[in-house]
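Here are my notes on the fold, kept as numbered points for you to check against the coordinates. They take the helix that crosses the sheet first, and then the sheet, the helix pairs and a few backbone details.

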Amino acid sequence: MSVDTPRRIVLLRHAKADWPQTSDHERPLAERGRTDAPVAGRKLADTGIAFDLALCSTALRTRETWKLAVHELPERPKTVYEERLYEASLGELIALVNETPETVANLLLIGHNPGMHALADALAGRTEGDSLARMNRSGFPTSAFAVVSLTGSWKSVEHGVGTLVDFWTPHP
């Protein structure tokens, strides 16, 4: 792939989680999360993006979200469960994106807030339509996703290089 190849990164926040007496990492999805995750998967399928790679946090709620969402996609992408996505800072998320193999055109991250919102906001040097305003107004709720397009290598991804082309949330 050339450095001018269009690339997309989709940032999916896990579905609504429950708050049982367990560690944060092991929190399961709540009933609403189990309902919303497949809806998010169908909306991801509607984007027409064929994901080459999905990086999913190792937290139980993100793994459960992905398990329910991926069944709605026409093709299952290669999936890597990445512990660095859990509680990742903005800098750590950008570093993780920078490690993406150049053969990947479309990357999906399944993670947590505030990281997913911060990364979408940081990458979006430009926006199409009212996507950025809707994202900032909603605060990037559970099961929401942002689509950012960019050109260049994954190694060159930094603040402002992308265009926020879409933002979706299950409960507008």
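1. Contact here means heavy atoms within 4.5 Å, helices (H or I, at least four residues) and strands (E, at least two) are DSSP runs numbered from the N terminus, and axes are lines fitted to C-alpha atoms, for helices over the stretch in contact, with angles running from 0 to 180 degrees between N-to-C directions. In those terms, helix α4 (residues 115-123) lies across β1 (7-13), β4 (106-111), β5, β6 and β7, and runs at about 150 degrees to β1.

2. This is a predicted model, in which local features need pLDDT of at least 70 and side-chain atom pairs count only at pLDDT 80 or more, while totals for chains, interfaces and linings use all residues. Residues are numbered from 1 along each chain as its sequence is written, and side-chain values use heavy atoms, with hydrogens and water left out.

3. The sheet is open and mixed in its pairing, with seven strands in the order β3-β2-β4-β1-β6-β7-β5, where two strands pair if DSSP finds at least two bridges between them. Its edge strands are β3 (78-81) and β5 (124-127), each of which pairs on one side only. From one strand to the next, the twist averages 25 degrees.

4. Within that sheet, β6 (residues 145-150) and β7 (residues 162-168) pair in the antiparallel sense over five bridges. As a point to look up in the model, alanine 146 has phenylalanine 167 of β7 as its bridge partner.

5. Two packed helices are described by the angle between their axes and the distance between the axes. For α4 and helix α5 (residues 131-138), the angle is about 155 degrees and the axes are 11 Å apart; the two helices are therefore roughly antiparallel to each other, a label for angles over 145 degrees, as against under 35 for roughly parallel, 65 to 115 for roughly perpendicular and oblique for the rest. The contact is made by His117, Ala120 and Asp121 of α4 together with Leu132, Met135 and Asn136 of α5. These residues divide into three nonpolar, two polar and one charged, where Ala, Val, Leu, Ile, Met, Phe, Trp, Tyr, Cys and Pro count as nonpolar, Asp, Glu, Lys and Arg as charged, and the others, Gly among them, as polar.

6. How do the axes of α3 and α4 cross? The axes of helix α3 (residues 90-98) and α4 come within 9 Å and cross at roughly 70 degrees, which makes α3 roughly perpendicular to α4. On the α3 side the contact is made by Leu90, Leu93, Ile94 and Val97, and on the α4 side by Gly115, Met116, Ala118, Leu119 and Ala122. The residues of this contact divide into eight nonpolar, one polar and no charged.

7. Please check the peptide bond from asparagine 113 to proline 114, which is cis, with omega near 10 degrees. Proline 114 lies in the loop between β4 and α4.

8. The loop between α5 and β6 holds phenylalanine 140, whose phi is near 60 degrees, a positive value in a residue other than glycine. Serine 143 is found in the loop between α5 and β6 and has a positive phi of about 70 degrees although it is not a glycine. Phenylalanine 140 counts as buried at 0% relative accessibility, and serine 143 counts as buried at 1%; buried means under 20% relative accessible area, exposed over 50% and partly exposed in between (1.4 Å probe, protein chains only).
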